[in-house]
Amino acid sequence: MAGKVDALYFFLVAVSAFFVIVIAAFVIYFGIRYRRRAHGEVGMKVVPSLALEIAWTIIPLGLGLVMFAWGAQIYFNQTRPPAETLDIYVVGKQWMWKFQHLDGRREINELHVPVGRAVRLTGTSEDVIHSFFVPAFRLKADVIPGRYTTLWFNATKAGRYHLFCAEYCGTKHSGMVGTVVVMEPNEYQAWLAGGGGEGSLASQGQKLFQDLACITCHRADGQGRGPALEGVFGSRVSLNSGQVVVADEAYLRESILSPSAKIAAGFQPLMPTFQGLVSEEQLLALIEYVKSLKGLAPSQPAADTPGGPAPGRTTPARGPQSPSERQRQNPKK
Amino acid sequence: MDTLAFPRTHYLNAEYGLKSWLLTTDHKRIGLLFLGAISLFFILGGIFAGLIRLELLTPPGDLVSDDTYNKLFTMHGIVMVFMFLIPSIPAVMGNFFVPIMIGARDLAFPRLNLLSWYIFMTGGLFTLYAIVTGGVDTGWTFYTPFSTLSSHSNVMTAAIGIFIIGFSSILTGLNFIVTIHTMRAPGMTWFRMPLFLWAMYATSLINVLATPVLAITIFAVALERALHMGIFDPAYGGDPVLFQHLFWFYSHPAVYIMILPAMGVVSEVIAAFSRKSIFGYKFVAFSSLAIAVFGFLVWGHHMFVAGMSVYGAMIFSVLSFLVAVPSAVKVFNWTATLYKGSISYQTPMLYALGFIGLFTIGGLTGLFLASLGVDVHVTDTYFVVAHFHYIMVGGAIMGYLGGLHYWWPKMTGRMYPDMWGRVAAVVTFLGFNLTFFPQFVLGYMGMPRRYHAYPPEFQALNVLSTAGASIMGIGYLIPAIYLLWSLKYGAIAGNNPWGAKGLEWEIPSPPPTFNFDKTPVVTEPAYAYETREK
């Protein structure tokens, strides 16, 4: 991606340099050729030229449209992650970057990723707007309180890269910096294996789901006062209002913080708000847990043990990856 | 040259005493009141800029504390944008010359004009009060929820100051629109008007239409800070990005409030010092209006990384490329005006040529920011800082200084030493480029803006930038000295020291209180240089 951005950048530099040089050349040439030689001299009559006016309106317009199309195409790709991504969550707060890997591993101001894999970050902020900026990847996206933004990259070279906060966020704005550590796959595996024993993010979410008593209403058997959440992520949910929404991260978040905003059809607005009771990171764990709840097959009511097996163990059903880097179908594809 | 006599009575000596200035309704005196006020604000903003550049000499934040640094760039932005650049050319030269250039005795609403100045001063004092009692640290952009939730500085005092200043812009804009519509002298048709007036007209339209949105936005911030109404802060159910939409709906057109007047000045100066009519007059005139109209439709390009929808971003991107076209048309027409002219290089012309160079670079680098894929990388970096300084300092301030030097003899009746003027113009141009060109490179390397401390690999370019800033400072200091000197010791200017066309050059310098003894009748288009006897 960096190469594509640079190609357009240098095209723009070339076009700009061309125009600056041409304009400067004309100004200097006319400036010398037509300098005032006698006091009281005046300029000569010049016939206006409609053709010239049209030419220097149309040519910049055409060039501009080329630049637009080229830039838009890059942007389109920048905002569309591939189907298979390694998912990581990021939470910005004054003044640090917090990362949560799916295997439960947490980092602050350091992000470890493997080389050559598409990494998708889903981010939000605990307080004010921050902006996740890795210059080497030509990549930037604001993290905004109250909503999730995503960005993705595929690092092609191992190394350590600057991570900056690019949106002014207060006193230590320039201290809200970190490092993206891109590692060879085997080193990355070793790094992953060195994680703490907290269990996967989804299993942390499952524990919260029990501690916060979510489970008393959102029962897997569908007999609770709230809807069963198995298979809900990525599905279309009919609401009491008659609307239909896609249950994405933003919907789950809203349903936890402002439950009465979008009530699923057939349910009462009984759920209390969890605003102020759960942190952004706990929200992400809960969401990750809900994502892990696959649809119920009648024959196997508890098909998917929440959170999956411990990190490092292979999951035959999903191939050789550990859950921390399991590949997920991108629901927004 | 004929011996020139200073007129015996003119607007400056018609009345004496403080009261005669503070209660004046003479558009020329009000212009000078604005000149005095904004010059002080410019010095203040310049001091903030100097401290910022000093801090950035070294990578760690070692000169001032981080909070102080954040306040410095905030107050630099607020003072320069709202208290210098936005009023600059319209309030000083517009006030002084709009009536004269259309052959009128004053603006349509002289007392409203004086009110504009008092409103401006009231707002300015509010903002000054916010500065001296601890300052503001939100950035001049006041982004929420930082400004509503997080900042403990004098946000509301400063914001109220800006809110008040806005009404000054609205009233001045209204005054100009009505004046240009209704008070043109006989024969002064729309297409005989000097292009400075077209620029003032376009600017006034933006002032009247856009400034209320800024007022509404500030009011909404106040409601949220004071009453916790959920408008922008997600904690109260608001949307922080809504603020950015509202803010840039004003503040992008505000860029054109700053640059269009300078373009108008450049048209006057290029014509006068090439002694030629502006090539493609109507194209230059209508490009001002086109910029004013398109300028309202591109605000979203400030928010391409703020979670905007992909297709929304594409629409704002393509519109941003469109708004570049009328600016390009102006540059081409100015260049073509030089062809077969009789070009002299007195001070105003050097500023105007400097403007063309710097504005061209500023405009072309704007294409990088309109271009989505590149904007993602360079937005919120020093690339943006460099780009908008090329427009606002390289463009607007070069235009302002060009206009000030062009009309200074008319305003004061005295000449300044042209040699020093030319030296200052060249020093400013060189210092400016040394200050801001390295910042394009810094931005592409990834240095974010508003950083108090930065990684060591960025130091060399920052040192260059600071060195340039000190040269630029000298470039601004020289005119301050010789212009003040000229008030007493300058040679007598006479009616028309440049041999320029235009109604303002047909009356004495300084002009009499009511400008014209009898209403002039206009019989030829603007810039009819070529028809004159040699």
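Student: Let's start with chain A. What share of its 333 residues is buried?

Tutor: This is a predicted model, and in it buried residues make up 48% of chain A. The chain has six helices and 13 strands. Of its contacts with a separation of 6 or more, 66% are between residues 24 or more positions apart.

Student: Why does A:C169 count as buried?

Tutor: Buried means under 20% relative accessible area. A:C169 has 0% relative accessibility, so it counts as buried.

Student: And how do you know whether A:C169 is in a disulfide or in none?

Tutor: Take the cut-off: the two cysteine sulfur atoms have to be within 2.5 Å. The nearest cysteine sulfur to A:C169 is that of A:C165, at 3.9 Å. A:C214 is in no disulfide either, with the nearest cysteine sulfur, that of A:C217, 8.9 Å away. Over all chains, the count is zero disulfides.

Student: What makes A:C214 a buried residue?

Tutor: Its relative accessibility is 15%, which is under 20%, so A:C214 counts as buried.

Student: Over to chain B. Why does B:E530 have no salt bridge?

Tutor: A salt bridge needs a side-chain nitrogen of Lys or Arg within 4 Å of a carboxyl oxygen of Asp or Glu. For B:E530, the nearest side chain of opposite charge is B:K276, 4.7 Å away. That is outside 4 Å, so B:E530 is buried yet has no salt bridge.

Student: What does the side chain of B:E530 make a polar contact with?

Tutor: The side chain of B:S277, at 2.9 Å. The cut-off for N and O atoms is 3.5 Å, so that pair counts. B:E530 sits in the segment after α16 (459–489) of chain B. Leaving aside neighbours within four places in sequence, the residues in contact with B:E530 include A:V42, A:G43, A:M44 and A:K45.

Student: How do you know that B:D239 and A:R147 form a salt bridge?

Tutor: Their closest N and O atoms are 3.2 Å apart, which is within 4 Å, so the pair qualifies. The rule finds two salt bridges across the interface of chain A and chain B, along with 29 residue pairs in polar contact, both residues at pLDDT 80 or more. On the side of chain A that touches chain B, α2(A) gives the most, with 17 residues.

Student: How much area do the two chains bury between them?

Tutor: About 7100 Å², with 67% of that on carbon and sulfur atoms. A:R36, A:Y75 and A:Y168 supply 12% of the area that chain A buries against chain B, more than any other three residues. As for contacts, 77 residues of chain A touch 90 residues of chain B.

Student: Which peptide bond involving A:W95 is cis?

Tutor: The one joining A:Q94 and A:W95, with omega about -5°. A:W95 is in the loop between β1 (84–93) and β2 (96–101) of chain A.

Conventions. Residues numbered from 1 in each chain as written. Chains lettered and ligands numbered in written order. Predicted model: local features only at pLDDT ≥ 70, side-chain atom pairs only at ≥ 80, totals over all residues. Heavy atoms only, no water. Buried < 20%, exposed > 50% of the residue type's maximum accessible area, 1.4 Å probe, protein only. Helix = DSSP H or I, 4+ residues; strand = E, 2+ residues; numbered from the N terminus. Lys, Arg positive; Asp, Glu negative; His and termini not counted. Polar contact = N/O pair within 3.5 Å; in protein donor to acceptor, adjacent residues only side chain to side chain. Contact = heavy atoms within 4.5 Å. Buried area = accessible area lost by both parts, 1.4 Å probe.
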